[in-house]
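Q: Could you walk me through how to read a few features of a protein model, step by step?
A: Gladly; let's look at the model together and take one feature at a time.

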Amino acid sequence: MFEGGFNSVHRNSASDVQYLKAYYQAHAKDPRMFKHPRTGGAAISTFSGENCTFGQGSMEDGWAYVKRELSAIALAYFIPAFFINPARYPGISAMDGAFNWNGGWPVNINASSARQDIVNARLDSDNDHLQNLSRGRTFMAAVSPWFFTHYGPDSWNKNWIYRGDDWLFVRRWQQLISMRDRIDIVQVISWNDYGESHYIGPIKGAQPNSQAWVDGYPHEAWLALNAYFTAAFKKGAYPPVKRDQIFMWARPHPKAANAPDHVPRPTNWQLTDDKIWVVVFTTAPSKVELYTSNDRKMVFDVRAGMTKLSRDSEPDGGMRGTIVRGGKIVADCSPIGYRYESRPGVYNFNAAVAMSQ
């Protein structure tokens, strides 16, 4: 999919389309480019873009111009993420669909929200988009495991979290699978956006000065977990569990811990809970043991299938999970080097994510 960010660069000259055409020319006909299955058009999306006119006098006319120019190279299928009232969609002729970028996070809660609104916070913004799409227009939903960014005023000045607790990644996938008859495409945010901490790919290549909260916090276990849900979304049924497996994630330090960091705690830091989040897949009824140290253990009885569990983190403890059946450990997740630091050097609300082998 060809996707561009337009939040910081407003394209308001007709000549600005040349920049897009150069990229599109290089990739639109590549066999690896995602093509819309009904039209064969190369799928194009955006992050923002509602303020771009491309010299045409309005956003609506500007994007119609861009789509014509790109389609002259290869048929384009336009599914933007515009941050506008979805009631405007019927008047934007260039749109073949819409992408609800923020749909994967509970973006409407904050530190003053009631506790009952924070826990298992609603993810219901898709409805506003769906009810304003008609005539066969495509809807692309978002799913994301996390969000934390920590840039000070001396750089990009973005420093906040969205609540990623309550097994957000899993819960959102379950929601999308339950409404798959209304959703055409799901995009995972993201493969490698290290600056916002929602990467599910490897930590590899250049980073946008995010090393302080990314290095040492792998997320590839989320990529493996993602495969289970993508299969369920595509087929309309959850795959059978054929392997005992544990997935675990937790933040690096207590949310109220103090750090000698020149960038303060992120906005809405109060929203998160000091917990270890766990998802287990079991081939038969089992016991799951969750540890913060060798002598601090909680035991859960689980049925066959997928089970979501959690327990409190403990300062200066670690995390470990085992699946026990018939007195034997059949799966063991014990991330080496993880420690829930009571005295962190920086504020880090990223997650360490691990899985059993």
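Q: How many aromatic pairs does a search of the whole structure find?
A: Two housekeeping points come before the count. This is a predicted model, so to speak of local features we need pLDDT of at least 70, and side-chain atom pairs count only at pLDDT 80 or more, while totals for chains, interfaces and linings use all residues. Residues are numbered from 1 along each chain as its sequence is written, and side-chain values use heavy atoms, with hydrogens and water left out. Now the general idea: a pair of aromatic rings is described by the distance of the centres and the angle of the planes. Rings of Phe, Tyr and Trp (its six-membered ring) pair if their centres lie within 6.5 Å; planes under 30 degrees apart count as stacked, over 60 as edge-to-face and the rest as tilted. The search of the whole structure finds 30 aromatic pairs. One of them joins phenylalanine 78 and phenylalanine 82, which are edge-to-face at 6.0 Å centre to centre with 70° between the planes.

Q: Is phenylalanine 78 buried or exposed?
A: Buried means under 20% relative accessible area, exposed over 50%, and partly exposed in between (1.4 Å probe, protein chains only). Phenylalanine 78 has a relative accessible area of 4%, so it is buried. Phenylalanine 82, at 3%, is buried too.

Q: Which parts does the pair of tyrosine 151 and tryptophan 213 tie together?
A: Tyrosine 151 and tryptophan 213 are edge-to-face, with 5.0 Å centre to centre and 80° between the planes. Because tyrosine 151 lies in the loop between strands S6 (148–150) and S7 (159–161) and tryptophan 213 in helix H6 (residues 211–214), the pair ties together parts that are 62 residues apart in sequence. Helices (H or I, at least four residues) and strands (E, at least two) are DSSP runs, numbered from the N terminus. Tyrosine 151 is buried at 6% relative accessible area, and tryptophan 213 is buried at 4%.

Q: How many cavities of 30 Å³ or more are there?
A: On a 1 Å grid over the protein atoms alone, a cavity is a set of points where a 1.4 Å probe fits but cannot get out, and a pocket is an open set with protein on both sides within 12 Å along at least five of seven lines; lining residues have an atom within 4 Å of a point. Grid points are joined across faces, edges and corners, and a volume is the space filled by probe spheres set on the points. By this rule there are 3 cavities of 30 Å³ or more. The largest cavity holds about 90 Å³ of space. Among its 13 lining residues, Ile44, Trp63, Val66, Leu70 and Phe78 lie nearest its centre. Helix H2 (59–71) is among the elements giving two or more residues to this lining, and H2 provides the largest share, 4 residues.

Q: Which residues lie nearest the centre of the largest pocket?
A: They are Phe47, Trp101, Lys158, Asp193 and Glu196, out of 26 residues in the lining. About 880 Å³ of space lies in this largest pocket. S1 gives the most to its lining, with 3 residues.

Q: What lies 2.6 Å from a polar atom of the side chain of serine 45?
A: The backbone oxygen of isoleucine 79 does. Serine 45 itself lies in strand S2 (residues 42–47), and at 1% relative accessibility serine 45 counts as buried.

Key. A polar contact is a pair of N or O atoms within 3.5 Å; within protein, one must be able to donate a hydrogen and the other to accept it, and residues adjacent in sequence count only if both atoms are side-chain atoms.
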